[in-house]
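Biologist: Can you walk me through how the strands and helices sit against each other here? I'll ask as we go.

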Amino acid sequence: MKLTILSLILALVPVALIAQENSTQQYTPDGHPILTLQQCIKMAVECNSNFLRSQADSTSAEIQLASAKNSFLPQLNAQMGQSFSFGRAKDERGVIINHSAANTDFGVGLSYTLFSGLRRLYSMNEAKSSLLASEQTLLETKDKISLDIIGMYYQVLMQEDMLRISEFNLAQTEFHLNYTKAMVEGGKWALSKQLELESQLANEKLTLIDSRNDLFLTRLNLALNVDYGSPDSLAIVNPDIDKMVALAYSKLYPVETVYNYAMNNRAGVKAAENNLQIAKLGIRAASSGFIPTLSFNAGYSTSYFYPFEKSQQQFISDFSTQLKHNGRYFLGFTLSIPLFDAMETPNAIRQAKVKYTLAEIHSKDVREALYRQVVTAQANATSASKKIAAATESAQIAKESLKMTEAAFEAGRATPLELEQARNRSLIAEMQLVRAKYDFVYKVAILEHYMGVTDVQ
C-alpha cells in the first residue's frame, strides 16, 4: 500500500510542475499566450535557419571527432575470392601446369597502424578544436538572434506606446472639435474655426492610419521571426518602461569592464582562437608527412582448388580437407619511409601556413571589431541616457504650453492653428521621450549582451 502511494506521488510530481509552469503563463481574452521577451528569443532560436545550420555543423564536427578517435582502432576484414583459370593454372601444390581449374580463397585479416608519424594525434586534436569552434559559432549565432529579437520586441512596444499617444491626441482633437461645433452653433465663434479643426482631425486620422500600418509591419516581422503565425494574434508582455529605465541606469558598465569580460567570454572570440589552434595543428599534421609510419598485419587464409579435367579430379582432396591443409596464419610488420612524394608534403605545409596566417588576421579583426562594438555600445547607451533628461524637460514644457493654449482656445483667445501647433509640439515631444526611453533600454540591453547577460527583461 505504501509503495502504491509513493508511486502515485512520484507520478503526480511532473504533472504538478507542468501545471505550475502553465499557471504563470498569461493569455489574452482570445486564448492566445502573452509572450515574454525570453519566450520570443527561445522561439526565434528554435526556428531560425542559421541556428539550425550551425547545429548541423556542430553535429558534423562531433562525427569528425569520433572518426579521428576511431582511427586509433585496428581494422578487421574478411575476404573471399573466386577465380577461374583456363589452359594453364596452379594445381593444389601451387605448380602451374597445363589444365583449367577453379580456386576459392578465404581469409581474415587484421591491420593496425602502430605509428602514423603523429598524424592521427594531430588530426584528433584538430577535430577537438573544430568541435569547440563549431559550438562557439552556435552560441554566437544564438547571440545574434537574441539581439535581433530584443530590437524587434522593444520596437513593437515603442510603436504601441506611440500609437496610444496618437489615439489620445486624436481624441483630444475630437473633443475640441465638438466644443467648437457647440460654440459655432451658439453663434459665438466663426465657422472657420470649425473647418480648421475638421481639417486637422482628418490629417491626424491619416497619420494614425500610417502609425497602425507601421505597427502591423513591425509585429509581422516579429511574428515571422518567432514563427508565431498571424501578427494580429501576437501578444507580448508590456513591462513598465519607467521601471526599466530606472534599472538600466545601474547597468552603464565602464568600457574596460565590458571589453575585458567580452574578450574572455564572447563566443566569437573563442571561435577565432579555436580556428587559430586548428590552423596551427594543420601545420603539424602536414609536417608529419616526412615521418616514417609503422603498421602491423596479421591474419589467417585458406583456399580450395578444383580442376576441371576429370583425370585430375581423382587426385585432389575433398573441400574440408583442403581448407584444413591449405590454411595458414601470418604476422607482419611494414615500415614505410617517405623518400619523395612529388612535393606533396612541402606543398601541404605551405598551404597550412597560409591558413594559419589567415586565421591570425581573422582573430585580430575579431578582437578589433569587438572593441569597436563595445565602445560604440557604451557610448550609445550613455548618449541615450542623456537624451532622456532633455526629452523629459522638452515634453514637460510642451505639455504646459499645450494646457495654456487649450485654455486660451476655449476662452476664444487662441486660433485652431495655434492649438494645432501646440498639440503637435506636445505630441512630438512626448513621442521623442518615449523613443528616448526605449532607445536607452535597448542600448543598455546591447551593453549587457557583451557582459554575458542573457536574461534580459
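Biologist: How do strands S2 and S5 pair, and over how many bridges?
Modeller: Strand S2 (residues 75-85) runs antiparallel to strand S5 (residues 101-115) over 11 bridges, where strands are DSSP E runs of at least two residues and helices H or I runs of at least four, numbered from the N terminus, and pairing requires at least two DSSP bridges between the strands. Ser85 stands opposite Ala101 in S5. This is a predicted model, in which local features need pLDDT of at least 70, side-chain atom pairs count only at pLDDT 80 or more, and totals for chains, interfaces and linings use all residues. Residues are numbered from 1 along each chain as its sequence is written, and side-chain values use heavy atoms, leaving out hydrogens and water.

Biologist: And which residue stands opposite Gly109?
Modeller: Gly299 in S7 stands opposite Gly109; S5 and strand S7 (residues 293-307) pair in the antiparallel sense over 14 bridges.

Biologist: Switching to helices, at what angle do H8 and H11 cross?
Modeller: The axes of helix H8 (residues 267-287) and helix H11 (residues 344-410) cross at roughly 165 degrees and come within 8 Å, with axes fitted to C-alpha atoms over the stretch in contact and angles running from 0 to 180 degrees between N-to-C directions. That makes H8 roughly antiparallel to H11, since angles under 35 degrees count as roughly parallel, over 145 as roughly antiparallel, 65 to 115 as roughly perpendicular and the rest as oblique.

Biologist: What about H7, which residues in H11 does H7 meet?
Modeller: Val255, Val258, Tyr259, Ala262 and Met263 in H7 meet Arg367, Leu370, Tyr371, Val374, Val375 and Gln378 in H11, contact meaning heavy atoms within 4.5 Å.
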